[in-house]
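My entries follow in the order I made them.

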Amino acid sequence: MNHIVTGSDMPFYQPQGNETALFEHAASHRLPVLIKGPTGCGKTRFVEYMARKLDRPLYTVACHDDLTAADLVGRHLVGAEGTWWQDGPLTRAVREGAICYLDEVVEARKDTTVVLHPLADDRRILPIERTGELLEAAPGFMLVVSYNPGYQNLLKGMKPSTRQRFVAMRFDYPMPEQEARIVAREADIAPEQAEQLVALGNALRRLEHHDVEEAASTRLLIYAARLMVSGVTPLEACEACLVEPLSDDTETVSALMEVVRAYFG
Ligand SMILES: Nc1ncnc2c1ncn2[C@@H]1O[C@H](COP(=O)(O)OP(=O)(O)OP(=O)(O)O)[C@@H](O)[C@H]1O
Ligand SMILES: [Mg+2]
């Protein structure tokens with residue numbers, strides 16, 4: 001969990017379309033937002049940026065298959081002085097008027113929908129079963145969830161009754177010009193090299209190979225750029241960041257390396 005204290009550290013975010021305005025409209029109407037998109041395309045960065053822009057604290061929860069409603073809401077703990085209640089991140093966000101961001105929400109246990117539903121519609125309430133409290137969300141409270149629709153087995157995890165409580169946005173890898181700006185900025189690499197990496201990234205993405213589940217992300221392009229900046233040869237950096245992370249299959253790896261050599265040979 002990650003609490004971003006409001007300060008001057010505005011994260012860099014390169015907009016891809018109308019997403020910042022859409023998010024602001026959703027926030028002003030107190031509507032929850034769902035962001036879907038492939039790994040490493042900027043979902044988390046966007047939420048961090050919007051939290052700062054709207055000047056709201058942010059609680060991020062990385063969901064996993066053991067995550068229960070109690071992990072979100074809170075639980076009784078036993079200490080030296082007896083039993084006491086500890087708010088979970090969702091409860092804290094509800095009380096403080098913060099943004100609660102549930103990353104990979106479809107991973108979470110089904111019992112979490114029970115607490116999310118009344119918060120995600122116009123009731124905006126959080127019933128805390130174990131303490132008998134019925135919390136009304138503070139005005140600034142906003143629920144944001146994200147998931148990767150590419151992981152098919154997870155898609156079925158989100159019921160229409162849940163999905164249809166959210167304003168939904170689709171993210172994808174940025175357009176080349178924007179992505180090059182992101183890579184140059186995040187890795188502090190020369191613009192021409194960033195452009196070349198992005199061109200390679202797009203060539204790799206076009207290469208639909210059966211063993212590559214998901215294409216090289218913006219995140220990986222930044223990794224490659226950072227290694228290049230610190231002196232790793234482009235070929236080695238691309239192999240380590242854009243090829244090996246994508247596949248274990250040696251044939252696939254050599255096919256991808258051929259593309260790399262065409263750009264950085
Ligand atoms: N639009 C953008 N503006 C600025 N940086 C970006 C943008 N998109 C991607 N990045 C960079 O790419 C990295 C990966 O993005 P991010 O962590 O937001 O991906 P994600 O979509 O949350 O991925 P995952 O689904 O794996 O969590 C960021 O740390 C940032 O450096
Ligand atoms: Mg993320």
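**Entry 1: around H5.** I asked what the buried residues of H5 pack against. They pack against helix H3 (69–73), helix H4 (89–96), strand E6 (99–103), strand E7 (125–128), strand E9 (142–147) and helix H7 (160–163). Helices here are DSSP runs (H or I, at least four residues), strands are E runs of at least two, and both are numbered from the N terminus. H5 itself spans residues 112–120, and eight of its nine residues are buried. I use buried for under 20% relative accessible area, exposed for over 50% and partly exposed for in between (1.4 Å probe, protein chains only). The buried set is Thr112, Thr113, Val115, Leu116, His117, Pro118, Leu119 and Ala120.

**Basis.** This is a predicted model: local features need pLDDT of at least 70, side-chain atom pairs count only at pLDDT 80 or more, and totals for chains, interfaces and linings use all residues. Residues are numbered from 1 along each chain as its sequence is written, chains are lettered from A and ligands numbered from 1 in the order in which they are written, and side-chain values use heavy atoms, with hydrogens and water left out.

**Entry 2: Thr162.** I then looked up Thr162, in helix H7. Thr162 has a relative accessible area of 7%, so it is buried. Not counting residues up to four places away in sequence, Thr162 touches Thr113 and His117. Contact means heavy atoms within 4.5 Å.

**Entry 3: H8 and H10.** At what angle do H8 and H10 pack? H8 (residues 176–187) packs on H10 (residues 218–229) at about 45°, with the axes 9 Å apart. That makes H8 oblique to H10. Axes are lines fitted to C-alpha atoms, for helices over the stretch in contact, and angles run from 0 to 180 degrees between N-to-C directions. Under 35 degrees counts as roughly parallel, over 145 as roughly antiparallel, 65 to 115 as roughly perpendicular, and the rest as oblique. From H8, I listed Glu179, Ile182, Val183, Glu186 and Ala187; they meet Thr218, Leu221, Ile222, Ala225, Arg226 and Val229 in H10. By class, this contact has seven nonpolar, one polar and three charged residues. Ala, Val, Leu, Ile, Met, Phe, Trp, Tyr, Cys and Pro count as nonpolar, Asp, Glu, Lys and Arg as charged, and the others, Gly among them, as polar.

**Entry 4: cores.** The largest nonpolar core has 33 residues. Val183, Ile189, Leu197, Leu200, Cys238 and Leu242 touch the most other members. H8, helix H9 (191–206), H10, helix H11 (234–243) and helix H12 (250–264) each supply at least two residues of this core. Another core, of 32 residues, lies apart from it; among its members are Cys63, Val106, Ile128 and Val145. A nonpolar core is a set of buried Ala, Val, Leu, Ile, Met, Phe, Trp, Tyr and Cys residues joined through side-chain atoms within 4.5 Å.

**Entry 5: H11 and H12.** These two pack at about 140°, axes 10 Å apart. They are therefore oblique to each other. Pro234, Leu235, Cys238, Glu239 and Val243 in H11 meet Val253, Leu256, Met257, Val260, Arg261 and Phe264 in H12. I get nine nonpolar, no polar and two charged residues in this contact.

**Entry 6: Met257.** Is Met257 buried or exposed? Met257 counts as buried, at 6% relative accessibility. Leaving out residues up to four places away in sequence, Met257 touches Leu235, Glu239 and Val243. From Met257 to Leu143 I find 42 Å, C-alpha to C-alpha, and 114 residues in sequence.
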